[in-house]
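Work through the exercises below with the sequence and the model open. Each task is followed by a solution in steps.

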Amino acid sequence: MEPVISHYELQGTTVVIQIDSVPSDVFLCISFRIRVGFKVGGASKSLLTVSEPQDKGSLCSEAFSYTEQKLQRFCVADQCQCMTAACATYRANPDLTLTAAKRLQETCQPHIKYAYKLQVKSSQTEGDFVTFTANVREVLKNTDPGFEALSSGSEVELIKKVTCDLVHVALNRQYLLMGSSGSEVRVGHASRFRLPLDADATLEPWPTQCEDPVCTAQTASMDEYALDLQLFSCPKP
């Protein structure tokens, strides 16, 4: 009920907002309006930085795009995370032109923070979202320090909007999931990792049983891709 912003100003092209305190137990959202003078192509991302003036070691920075991007908030109890409003990329049909080498190149892009081979166990609908519980069968890539605890056998939650009908997730099926965002939440005395199936994610079925040559070739290609990642990993930037 009380204002938390003590001062704000524009320093060149930087907006500086001073806040009395940032609560650790309450979701805090601060927004401001901008006016587009003219549109250009190839614009670089902007930088959002949060810091404590008296503690330089508390600096936290995150790059974001100025382009319009709608976000939705997903909460379980008092723990929330933001998801992009757009749905994940879903590869429903086998694509034999996507070779092991091409899939490896895609996975090793810097913005892809993780790639997991998963098996979905259960699902539960909660309001505007569906939560899928899945087991990690294999960690193919992980460059996010926050996910270092994830290993083969770990349990994760996949969050999908109910309106994303084209992203079909079936129980007891295996999938390849690549993404760039996620969060670790506390559940009782344990923690669980939550991965959004939003615009930053790509989901692809990983067949386990095949009855036609196309499916067999797809499975062989994905197995080769997984082996290459395990043996050679992604090149250092």
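Two residues are in contact when heavy atoms of theirs lie within 4.5 Å. The model is a predicted one.

**Exercise 1. Which residues is tyrosine 116 in contact with, leaving aside its neighbours within four places in sequence?**

Step 1. Locate the residue: tyrosine 116 is found in strand β8, residues 114–126.

Step 2. Apply the contact cut-off. Tyrosine 116 then contacts Val136, Glu138, Val139, Leu140, Lys141, Asn142, Phe147, Leu150, Tyr175, Leu176, Leu177 and Leu195.

**Exercise 2. Classify tyrosine 116, serine 58 and valine 22 as buried, partly exposed or exposed.**

Step 1. Set the limits: under 20% relative accessible area is buried, over 50% is exposed, and in between is partly exposed.

Step 2. Tyrosine 116 has a relative accessible area of 0%, so this residue is buried.

Step 3. Serine 58, in strand β4 (residues 55–64), has 29% and therefore counts as partly exposed. Apart from residues up to four places away in sequence, serine 58 touches Val50, Ser51 and Glu52.

Step 4. Valine 22 has 56%, so this residue is exposed. Valine 22 lies in the loop between β2 (14–19) and β3 (46–52). Together with Val4, Ile5, Tyr8, Leu28 and Ile30, Val22 makes a nonpolar surface patch of about 530 Å².

**Exercise 3. How many aromatic pairs does a search of the whole structure find, and is the pair of tyrosine 114 and tyrosine 116 stacked or tilted?**

Step 1. The search finds three aromatic pairs.

Step 2. For tyrosine 114 and tyrosine 116 the ring centres are 5.1 Å apart and the planes meet at 15°; planes under 30 degrees apart count as stacked, so this pair is stacked.

Step 3. For tyrosine 114 and phenylalanine 147 the centres are 5.7 Å apart and the planes are at 55°, so this pair is tilted.

Step 4. Tyrosine 114 belongs to strand β8 and phenylalanine 147 to the loop between β9 (129–142) and β10 (155–161), so their pair ties together parts 33 residues apart in sequence. Both tyrosine 114 and phenylalanine 147 are buried.

Step 5. Ring pairs link Tyr114, Tyr116, Phe147 and Phe193 into a cluster.

**Exercise 4. In what sense do β1 and β2 pair?**

Step 1. Strand β1 (residues 5–11) pairs with β2 in the antiparallel sense, over six bridges.

Step 2. Glutamine 11 stands opposite threonine 14 in β2.

Step 3. The hairpin of β1 and β2 has two residues between the strands, and glycine 12 takes a positive phi near 65° there.

Methods: Residues are numbered from 1 along each chain as its sequence is written. This is a predicted model: local features need pLDDT of at least 70, side-chain atom pairs count only at pLDDT 80 or more; totals for chains, interfaces and linings use all residues. Side-chain values use heavy atoms; hydrogens and water are left out. Helices (H or I, at least four residues) and strands (E, at least two) are DSSP runs, numbered from the N terminus. Buried means under 20% relative accessible area, exposed over 50%, partly exposed in between (1.4 Å probe, protein chains only). Patches are made of residues with over 30% relative accessible area and no salt bridge: like charges are joined within 9 Å, nonpolar side chains (Val, Leu, Ile, Met, Phe, Trp, Tyr) within 5 Å. Accessible areas come from the Shrake-Rupley method with a 1.4 Å probe; for residues, only the protein chains shown count as cover. A salt bridge is a side-chain nitrogen of Lys or Arg within 4 Å of a carboxyl oxygen of Asp or Glu. Two strands pair if DSSP finds at least two bridges between them. Rings of Phe, Tyr and Trp (its six-membered ring) pair if their centres lie within 6.5 Å; planes under 30 degrees apart count as stacked, over 60 as edge-to-face and the rest as tilted.
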